[in-house]
Amino acid sequence: FIYRFIFELKNYARLRYKENNPKEAREVYFHSFVGTIIYGHGKLKHVNKWNAKIISLLADSFFLGICQKVVLIISCDENQFLRIDPDRKCWQNDHKFYSCLALILLGYYIPICVMIAPMFQEDFEFDQQPEKEEKKKKKRCCLLCCCCCKNKENDEEEEEEEAEETESSLFKQFVSFSNTIAYVAPYMSAFTVMECFMLIGSEFVAKGGEYGTIVSQSIAMIGLLYFTISWSWRDLNLYGLTQNEPVFPFGISIIKVLAFACGFIGCILEILRFNKIIDIVLELFLLFVSIIIIAIIFGIIFLKYHAFFNSLDDDVNTDIFVKF
């Protein structure tokens, strides 16, 4: 974050004072890291692809693991002994020093993951499409100037070249791990807050107990399930499959809902196994069957909506519509 702040400050100074371009300098500052925080629009531009991936890993994928390990440093039992080291008394000697470091780390790490990290999403490269279209137009104009008409063989060769370019660009996009999924920043922040709730409920309130952990996870799953369903279905009814929130494309919202539903079912099965009503083999079997049934239900819902909206866009230029 410090490096990006210095880099953007350098660009602003170059545009404002060296190139004497205050309009472009204001635009750069408005969509910079500091400008995005000050003005609160949440539209950070010119995000490096690898920076976005690293921040996504640290603030999203590894969030629970990092927070849990740090929280365990300050988690004590009823007798004020450290849970991960029962022979060590809490808040005495060197544990006081490590606890202070852990609290400082959590004090910076959690707000950064909740408020700042969601802004660092990879940019979608829609702007490259008009450049390709301009190149195609220029190429066609040159061909028309050279000859009055083109035969079918040239048309077929041009179509084959375009198909090869499309396949190669898709392959490059896949190999480079380019992001094609857009998350709304408030949704990512809410997801991180629910993860914090799970950690607090399981590690501090329940002290790592079975029931407390399962109850906190169940509440988090129900909250995320309701939040995702209500938001995605509202936008689906308003905009169809073209402009969905909180996740685009709509199929990713279906997968999210499926995951949260399976998480809640897993919590119920874990309670049954803990009370020795079922064994672990039956638990895994029931979870597997539940996943298949829920996946079929959500697959039918997705195909239903996709078939409904697909019949309405036969005469729509999808490239122009998505850009709009």
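**Notebook: aromatic pairs and helix packing**

I began with the rings and found that ring pairs link Tyr187, Phe227 and Trp231 into a cluster, where rings of Phe, Tyr and Trp (its six-membered ring) pair if their centres lie within 6.5 Å. I note that this is a predicted model, in which local features need pLDDT of at least 70, side-chain atom pairs count only at pLDDT 80 or more, and totals for chains, interfaces and linings use all residues. Residues are numbered from 1 along each chain as its sequence is written, and side-chain values use heavy atoms, with hydrogens and water left out.

**Entry 1: ring pairs**

I counted eight aromatic pairs by this rule. I then looked up accessibility: Tyr187 is buried at a relative accessible area of 1%, whereas Phe227, at 30%, counts as partly exposed (buried means under 20% relative accessible area, exposed over 50%, partly exposed in between, with a 1.4 Å probe and protein chains only).

I next checked Tyr211 and Phe274, which form an edge-to-face pair with 5.2 Å from centre to centre and 90° between the planes. This pair also links distant parts of the chain, with Tyr211 in helix H10 and Phe274 in helix H11, 63 residues apart. Tyr211 is partly exposed at 43% relative accessibility, and Phe274 is partly exposed at 41%.

**Entry 2: H10 against H11**

I looked up how H10 (residues 210-239) meets H11 (residues 250-274), and their axes come within 9 Å and cross at roughly 155° (axes are lines fitted to C-alpha atoms, for helices over the stretch in contact, and angles run from 0 to 180 degrees between N-to-C directions). The two helices are therefore roughly antiparallel to each other, a term that applies to angles over 145 degrees. I sorted the residues of this contact into 18 nonpolar, six polar and three charged.

**Entry 3: helix H5**

For helix H5 (residues 63-73) I listed Phe63, Cys67, Val70, Val71 and Leu72 as the buried residues. These buried residues pack against helix H4 (49-61), helix H6 (94-116) and helix H9 (185-205), where contact means heavy atoms within 4.5 Å.

Technical notes:
Helices (H or I, at least four residues) and strands (E, at least two) are DSSP runs, numbered from the N terminus. Angles under 35 degrees count as roughly parallel, over 145 as roughly antiparallel, 65 to 115 as roughly perpendicular and the rest as oblique. Ala, Val, Leu, Ile, Met, Phe, Trp, Tyr, Cys and Pro count as nonpolar, Asp, Glu, Lys and Arg as charged, and the others, Gly among them, as polar. Rings of Phe, Tyr and Trp (its six-membered ring) pair if their centres lie within 6.5 Å; planes under 30 degrees apart count as stacked, over 60 as edge-to-face and the rest as tilted.
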